[in-house]
Amino acid sequence: MFNKIIKRGHRKVSKSDGADYGYAPPGGGRSSGSVSTSNVVVNHASRGGAPANSGQPTSTIAAAALPPSGTIENLPLFRDVPVTERQNLFSRKVQISCFQFDFSDTLKMVREKEIKKQTLAELVDYIQSGSGKITESNQEEMIKMISVNIFRCLPPASHENTGSENVDAEEEEPYLDPSWPHLQLAYELLLRYVVSSDTDTKIAKRYIDHSFVLKLLDLFDSEDPREREYLKTIFHRIYGKFMVHRPFIRKAINNIFYRFIYETERHNGIGELLEILGSIINGFALPMKEEHKLFLVRALIPLHKPKPIGLYHQQLSYCIVQFVEKDYKLADTVIRGLLKYWPVTNCQKEVLFLGELEEVLEATQAAEFQRCMVPLFRQIARCLNSSHFQVAERALFLWNNEHIVSLIAQNRNVILPIMFEALEKNIQSHWNQAVHGLTVNVRKMFLEMDAELFEECQRQYAEKEARSRELEEQRELTWQRLAAAAAAQGS
C-alpha cells in the first residue's frame with residue numbers, strides 16, 4: 001500500500017515531441033515550461049488517510065493558517081472602489097481566498113467560510129464581466145490561489161478504506177466533497193480565466209504550465225462527479241486555447257490510461273478523459289498521422305480489457321468509431337482488437353462489445369471487412385449459441401442492420417458455411433423463444449440470398465452430423481467392449 005501511494009505521488013510524464021492535432025487548426029511549438037513561475041508543490045495525487053482538505057500546499061502564496069474567529073476582513077465590492085484601486089483590491093481578495101477551512105464541521109467558522117465564498121464569487125464575476133484587464137502579477141497570484149484550493153490529497157477510495165479489492169466500482173456510492181461550495185467557485189474562476197478573451201495565452205502559459213496541467217489531470221481521479229465534470233470542461237478549454245500544451249496533454253492522458261490498464265484497473269475519471277479525447281479525435285486532420293494510430297492501438301483498444309469497462313464504454317466506443325469514420329482502413333485493426341479482448345465469461349461485457357461491433361461495422365468498407373470476416377464470424381457464431389439469451393439476441397440483431405447485411409451478402413460464400421452450424425443448433429436446442437424466432441429469421445435471410453449455397457451447406461451439415469453420430473456409436477461400442485473385457489478379467 002505504501003509503495004502504491006509513493007508511486008502515485010511521484011508520477012512523471014515526459015514531454016511529447018509529436019505533432020499537434022485535433023480540436024483546432026494544428027499548431028506546434030515548444031512549451032515554455034522552463035519559465036514556470038508556479039511554486040506550488042502538492043502531493044495531490046496520493047490517496048492518503050488524510051481528509052480531502054487537509055493537504056497543506058507549500059507555495060509563495062501558501063494556504064493560510066486558520067485565522068482566529070473574526071479576523072477575516074470583509075472587503076468592499078469592486079464597484080464600490082475607484083478603478084485605480086481595483087487591482088489592489090483584487091490582490092487582497094485573492095489573499096483572503098487562500099484561507100483553508102475544515103468542512104467536516106459545518107458549525108465551525110461559518111462566518112469566515114461565507115466571507116471566502118462571497119469573495120470567490122466576486123472574483124468570478126469580475127473576470128466574467130471583463131471590467132478590467134488583470135495585471136500579470138495578479139494573474140500569477142490568482143493561479144497560485146486556485147492551486148492552493150483545488151490541489152489537495154484526495155480521500156482514500158472506498159475499497160482502500162475497507163481493504164476489499166472486490167468491490168464493484170459500478171455499485172459504489174459516489175463521494176461528495178463537503179468543501180464543494182468553495183471548490184466549485186475556484187474551478188469556476190479558473191474556467192472563466194481560461195475562456196476570457198482578455199486572457200493572453202503567451203502570459204497565461206507561464207502559470208498554466210506543465211506542472212499545473214499534470215496536477216489537474218490527477219484530480220480526475222476524484223470520486224466527486226461534480227468535480228470531474230468541471231475538470232472535463234476546463235480541460236476542453238485549456239486544450240483548445242493553449243496549443244503549445246497539446247502534445248504534453250495527450251502524452252499525460254496516455255500515461256493515465258496505461259497505468260489504469262496494466263496496473264490498477266481503478267480510476268474514477270476514465271469516462272471524462274475519453275470525452276475530452278472524443279473532441280480531440282474529431283479534429284484530426286487527414287491523412288491520419290502514425291502517432292494517432294499508435295494511440296488507438298496502444299491505449300484505446302486495450303481499454304476494452306479492464307473489468308469496469310461498463311463505466312466508460314459509451315465514451316470509449318465513441319472514440320473508436322470516430323477513428324474508423326476518419327480512416328476506414330483502420331476498421332480491420334479495430335475489429336481484430338475487439339476480438340483479442342473479447343470476454344469469455346462476462347456476458348454483460350459481451351453485450352457491450354456486440355453493440356460497439358455493430359457501430360464499427362457500419363463504418364467498415366468491403367475490403368477491410370473481407371480481411372477480418374473469418375475470425376469475426378467465428379466469434380459471432382459462438383455468441384449465437386450463448387446460453388445467455390441477451391448475448392445471443394444482440395448477436396442476431398446484427399442482421400437488422402442493412403449495411404452489415406449487404407456486406408454479409410457480398411461474402412456469403414465464406415460467411416454462411418461458418419454460421420450454418422450455429423444457426424441449426426439454435427433452432428434445434430436453444431431454450432429462449434425470442435432467440436429461436438430471430439434465428440429462424442436469419443436462416444430464412446440466408447436461404448433467400450442464395451438457395452443453392454444454402455442447400456450445399458445443409459448437405460455438408462447433414463454429412464457432418466452423420467459422421468459425428470457414427471463416431472459416437474463406435475465410441476460407445478469401444479467402451480462396451482472395454483467394460484465387457486474388464487468384467488471378464490475380474491471374474
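The legends below describe close-up views of aromatic rings and their surroundings in a predicted model.

In this predicted model, local features need pLDDT of at least 70 and side-chain atom pairs count only at pLDDT 80 or more, while totals for chains, interfaces and linings use all residues. Residues are numbered from 1 along each chain as its sequence is written, and side-chain values use heavy atoms, with hydrogens and water left out.

**View 1. The aromatic pair of Phe151 and Phe212.** A search of the whole structure finds 18 aromatic pairs, where rings of Phe, Tyr and Trp (its six-membered ring) pair if their centres lie within 6.5 Å, and planes under 30 degrees apart count as stacked, over 60 as edge-to-face and the rest as tilted. One of them joins Phe151 and Phe212 edge-to-face, at 5.2 Å centre to centre and with 70° between the planes. This pair links distant parts of the chain, 61 residues apart, with Phe151 in the loop between helix 4 (136–150) and helix 5 (158–162) and Phe212 in helix 8 (residues 210–218); helices are DSSP runs (H or I, at least four residues), numbered from the N terminus. Phe151 is buried at a relative accessible area of 1%, and Phe212 is likewise buried at 1%, buried meaning under 20% relative accessible area (1.4 Å probe, protein chains only).

**View 2. The aromatic pair of Phe369 and Phe377.** The ring centres of Phe369 and Phe377 are 5.9 Å apart and their planes stand at 75°, so the pair is edge-to-face. Both Phe369 and Phe377 are buried, and together with Trp399 and Phe446 they form one aromatic cluster.

Notes
Helix = DSSP H or I, 4+ residues; strand = E, 2+ residues; numbered from the N terminus. Buried < 20%, exposed > 50% of the residue type's maximum accessible area, 1.4 Å probe, protein only.
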